Amino acid sequence: MDLVNSVLNFVVPPASLVMLAFAWPALSFINTCEWFYNNLFGEDMDDKVVVITGASSGIGEQIAYEYSKRRANLVLVARREYRLRGISENARRLGAKNVLIMAADVVKEDDCRRFVNETVNFYGRVDHLVNTASLGHTFYFEEANDASVFPILMDINFWGNVYPTYVALPHLRRSNGRIIVNASVENWLPLPRMSLYSAAKAALINFYETLRFEVKDEVGITVATHGWIGAEMSRGKFMLEEGAEMQWKEEREVHVSGGPVEEFARLIVAGACRGDAYVKYPSWYDIFLLYRVFAPNVLNWTFRLLFTNHGTRRTSFIGTGRPLLEAPPNRKLLGGPTTYSQLPLQQQQKME
C-alpha cells in the first residue's frame with residue numbers, strides 16, 4: 001500500500017493539472033451559460049423576507065440596501081437597536097416594503113430563536129438568512145495576554161453564524177430558501193496577526209460545506225469570501241462607546257466606507273439571487289489556492305518574503321490589553337476585546 005500511495009503522490013498532482021487544463025475551456029463555457037441563465041431567471045426578491053444579522057453597519061448595512069432595491073421585506077438584527085433605526089429608514093427609501101428592527105445577540109441561542117420566531121409571526125416565512133456578524137483582530141498570537149479573548153472570537157465568528165442557521169433552518173426548508181454566509185479568504189490563506197480569526201472562519205466554511213450536503217437542494221447556501229476591504233478593523237483601530245472603557249467595537253458595528261464594501265455587498269446579493277454557491281471578491285485570490293495545494297512551499301516562501309519585518313517589529317496592541325492611543329477620557333482607542341455582556345459585574349455597573 002505504501003508503494004501505491006508513493007506512486008499516486010507522484011502521478012496524481014501533475015495528471016490532475018493536465019486534465020484541468022484541457023477541461024478548463026468547457027467548464028468556463030458551461031459556467032458562463034449558467035451565469036446568463038440565472039441572471040435572466042434568478043430569484044425575484046419582491047415581497048420575499050430577508051433576515052440580516054450584523055446589520056448595524058459595514059457589509060451587513062450595505063447588504064440591507066441591496067435587498068431594499070429588490071423590494072424585499074427586511075428584518076435587521078444587531079445588538080444596538082438605535083443604530084438600526086436610521087438604516088431602516090434608508091432601506092425604506094430605497095424600496096424595502098417593510099422593515100423590522102430587532103436588538104439581539106447572535107451568540108445567544110435564545111436571542112436567535114426570538115428574532116426568527118418574531119419574523120415568522122409577522123411575515124409568516126423566512127426566505128433568506130444573511131449572516132454577516134464578524135469580529136477580527138490584528139495581534140500576534142503570542143502577544144495576547146488575556147486568553148478570555150479566544151472564546152469571544154470563536155463565539156462571534158462561528159457560533160454567531162451557527163445559532164441563527166440552526167433556528168431558521170426549518171423555516172428555510174419550508175420556503176426552499178437560502179443561507180448567505182459572510183466569510184473571508186483567511187479561512188485558507190495564511191496571514192499574520194489573524195490566527196484565531198482565520199481558524200474561526202475555517203471552521204465556519206467547513207460547517208457550511210458539510211451542511212450543503214445535508215440539506216441537498218431544499219435550502220441553498222451561498223458562501224461569500226472577501227479579501228482585504230477597507231474598514232477601521234483592517235487598520236487595527238476600534239473607537240469605543242462613551243464610557244465603555246473595555247468594550248470592543250465589532251466589525252459588524254464599525255463604520256465602513258468606500259467602494260469595495262458596497263461592491264462586495266452588491267455581488268453577494270446578486271449571487272444569492274442567482275443561486276450561486278460561491279461569491280468571491282476579488283476572484284484573483286484563488287490562484288493562491290492552487291499554490292497551497294500543489295506548491296505549498298512556494299506560497300510559504302512568498303508570504304515570508306512579503307511579511308518579513310526588517311528592524312523593529314511593529315506591534316498592534318489590539319487584544320493585548322494595552323492602549324493604542326491616549327484619547328480624551330470619554331472616548332478612547334483601546335485593545336481590550338470583550339463585549340458588554342461578558343464584562344465582570346463591577347465593570348458593567350461602572351458603565352451604567
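Trainee: In which helix does Trp 24 lie?

Mentor: Happy to! Trp 24 lies in helix H1; helices here are DSSP runs of H or I with at least four residues, strands are E runs of at least two, and both are numbered from the N terminus. Bear in mind that this is a predicted model, where local features need pLDDT of at least 70, side-chain atom pairs count only at pLDDT 80 or more, and totals for chains, interfaces and linings use all residues. Residues are numbered from 1 along each chain as its sequence is written, and side-chain values use heavy atoms, leaving out hydrogens and water.

Trp 24 has a relative accessible area of 54%, so it counts as exposed (over 50%; buried is under 20%, partly exposed in between, with a 1.4 Å probe and protein chains only). Trp 24 belongs to a nonpolar surface patch, together with Leu 17, Leu 20, Leu 27, Ile 287, Leu 289, Leu 290, Tyr 291, Val 293, Phe 294, Val 298 and Trp 301. Such patch residues have over 30% relative accessible area and no salt bridge, and their nonpolar side chains are joined within 5 Å; a salt bridge puts a Lys or Arg side-chain nitrogen within 4 Å of an Asp or Glu carboxyl oxygen. Together they have about 1100 Å² of accessible area, by the Shrake-Rupley method with a 1.4 Å probe.

Helices H1 (2-40), H8 (286-294) and H9 (296-307) each give two or more residues to the patch, and H8 gives the most, with six.

Technical notes:
Patches are made of residues with over 30% relative accessible area and no salt bridge: like charges are joined within 9 Å, nonpolar side chains (Val, Leu, Ile, Met, Phe, Trp, Tyr) within 5 Å.
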